[in-house]
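Please look over the sequence and the structure before reading on.

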Amino acid sequence: MGFKIADIEIENNVVLAPMAGFCDSAFRTICKEHGAGLIYTEMVSNKAVVDRNWETMEMLYMENSEKPLGIQIFGTDLESFVGATKYIAENTECDFLDINMGCPMPKIAKKLQAGAALLKDVDRINEILTAVVKAVHKPVTVKMRMGWDTENINAIEVAKACEAAGVSAIALHARTREQMYTGQANWDVIRDVRKAVNTVLIGNGDVDSPQSAKAMMEHTGCDAVMVGRASRGNPWIFRQIAEYLNTGEIIHPPTPAERVEVLAEHLRRLIKLKTAKVAVKEIRTHASFYLQDIPNSKEFRMKLNQLENEGEIFELLDSYRDTVI
Ligand SMILES: Cc1cc2nc3c(=O)[nH]c(=O)nc-3n(C[C@H](O)[C@H](O)[C@H](O)COP(=O)(O)O)c2cc1C
């Protein structure tokens with residue numbers, strides 16, 4: 001199967017969701033190698049890009065092997081959106097630029113009036129998207145929620161504004177901002193948006209298995225599914241879904257030893273990307289996801305959380321792998 005965003009060929013229908021704190025180049029390359037057809041980065045601030053904030057500049061790092069890849073930006077003011085998209089389009093190898101209209105976190109959606117707050121003003125969306133699409137030669141996409149709250153579900157109106165502005169794809173997380181991550185995603189809204197616009201539509205919300213991916217595609221008619229939370233510590237899900245959509249075959253889950261091996265590889269890549277000091281801290285969160293289904297992993301994780309030296313962590317991972325085989 002596969003699908004296309006503008007001229008970008010995507011080899012299957014499974015997309016890694018943008019996730020702040022997770023989707024750095026280390027995790028993205030692992031997801032790509034495990035079958036993700038399309039990759040999004042974690043969100044970066046448009047203002048920080050315009051100001052050339054060094055931490056944000058480092059977040060723009062990508063490997064060629066991650067392509068096709070979209071860099072996601074969030075922000076409020078038009079000038080920074082245009083400045084940031086231009087800079088990113090001209091200075092990185094990304095394939096497209098994605099505008100965040102879904103982040104529900106108070107410091108983004110309330111304080112900055114960015115992310116999901118943009119959904120409250122369709123004229124403004126139109127203004128921002130028209131300017132950004134005009135400013136760059138690369139495709140522009142949008143990731144959105146279905147509305148601000150239950151009284152204001154305006155996914156169709158926003159999707160139409162995206163289409164009119166020349167956006168090349170929409171990823172729709174079928175929850176409101178008010179819901180944050182609670183309740184169930186309302187796939188009916190994805191289906192309704194599918195009927196309302198011709199833009200490429202990526203469905204998102206609660207896909208956590210090959211079966212749920214197929215169910216979403218059948219229920220909504222979306223072009224691809226986007227997987228967020230279920231991919232944390234579980235990059236195998238991409239190939240599992242892609243295979244199931246293509247052939248109906250279920251690929252066996254990884255063994256505990258394979259989980260530990262990929263966790264060690266994740267740590268190696270984080271060290272290369274961000275220094276050992278940062279990697280040792282960040283791997284703790286990832287480890288809790290990689291090992292969540294392995295019996296008796298709690299004691300191992302407690303030990304891991306106490307170690308500060310990467311050599312000791314690799315030794316611990318080696319000995320743990322030998323015990324879980
Ligand atoms: C830890 C975390 C960080 C996230 N960061 C972003 C982000 O930077 N940009 C964005 O558009 N969505 C972000 N999201 C939302 C996801 O992309 C996705 O829309 C949401 O998790 C629903 O999909 P799921 O049910 O497959 O998890 C984040 C979600 C989580 C759990």
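Is Ser231 buried or exposed? Ser231 is buried, because its relative accessible area is 0%; buried means under 20% relative accessible area, exposed over 50%, and partly exposed in between (1.4 Å probe, protein chains only).

The model is predicted: local features need pLDDT of at least 70, side-chain atom pairs count only at pLDDT 80 or more, and totals for chains, interfaces and linings use all residues. Residues are numbered from 1 along each chain as its sequence is written, and side-chain values use heavy atoms, with hydrogens and water left out.

**Ligand site**

The ligand is surrounded by 18 residues, and the closest are Pro18, Gln72, Asn204, Asp206 and Arg229; a residue counts here if one of its heavy atoms lies within 4 Å of the molecule. By class, this shell has 8 nonpolar, 6 polar and 4 charged residues. In this scheme Ala, Val, Leu, Ile, Met, Phe, Trp, Tyr, Cys and Pro count as nonpolar, Asp, Glu, Lys and Arg as charged, and the others, Gly among them, as polar.

| Residue | Part of the residue | Distance to a ligand oxygen atom |
|---|---|---|
| Asn204 | side chain N or O atom | 2.5 Å |
| Asp206 | backbone N or O atom | 2.7 Å |
| Arg229 | polar side-chain atom | 2.7 Å |

On its own the ligand has 610 Å² of accessible area, of which the protein covers 90%; such areas come from the Shrake-Rupley method with a 1.4 Å probe, and for residues only the protein chains shown count as cover.

**Buried residues**

Ser231 is found in the loop between β11 (224-227) and α10 (236-247). Helices (H or I, at least four residues) and strands (E, at least two) are DSSP runs, numbered from the N terminus. A polar atom of the Ser231 side chain lies 2.7 Å from the backbone oxygen of Gly228.

Ser45, in strand β5 (residues 44-45), is also buried, with a relative accessible area of 19%. Its side chain reaches the backbone nitrogen of Ala48 at 3.0 Å, and a polar atom of the Ser45 side chain lies 3.3 Å from the backbone nitrogen of Lys47.

Gly205 belongs to the loop between β10 (200-204) and α9 (210-220) and counts as buried at 2% relative accessibility. From Gly205 to Lys160 the separation is 45 residues in sequence and 21 Å in space, C-alpha to C-alpha.

Val280 is part of helix α12 (residues 276-290), and this residue is buried with a relative accessible area of 1%. Val280 and Ile30 are 250 residues apart in sequence, with 18 Å between their C-alpha atoms.

**Backbone details**

Most residues other than glycine have a negative phi, and most peptide bonds are trans. The peptide bond from Lys67 to Pro68 is cis, with omega near 0°. Pro68 lies in the loop between α3 (54-59) and β6 (69-74).

Arg52 has a positive phi, near 55°. This residue is in the loop between α2 (46-50) and α3, and it counts as partly exposed at 43% relative accessibility. Gln113, which is not a glycine, has a positive phi of about 55°. Gln113 is placed in the loop between α5 (106-111) and α6 (122-135) and is partly exposed, at 37% relative accessibility.

Notes. Polar contact = N/O pair within 3.5 Å; in protein donor to acceptor, adjacent residues only side chain to side chain.
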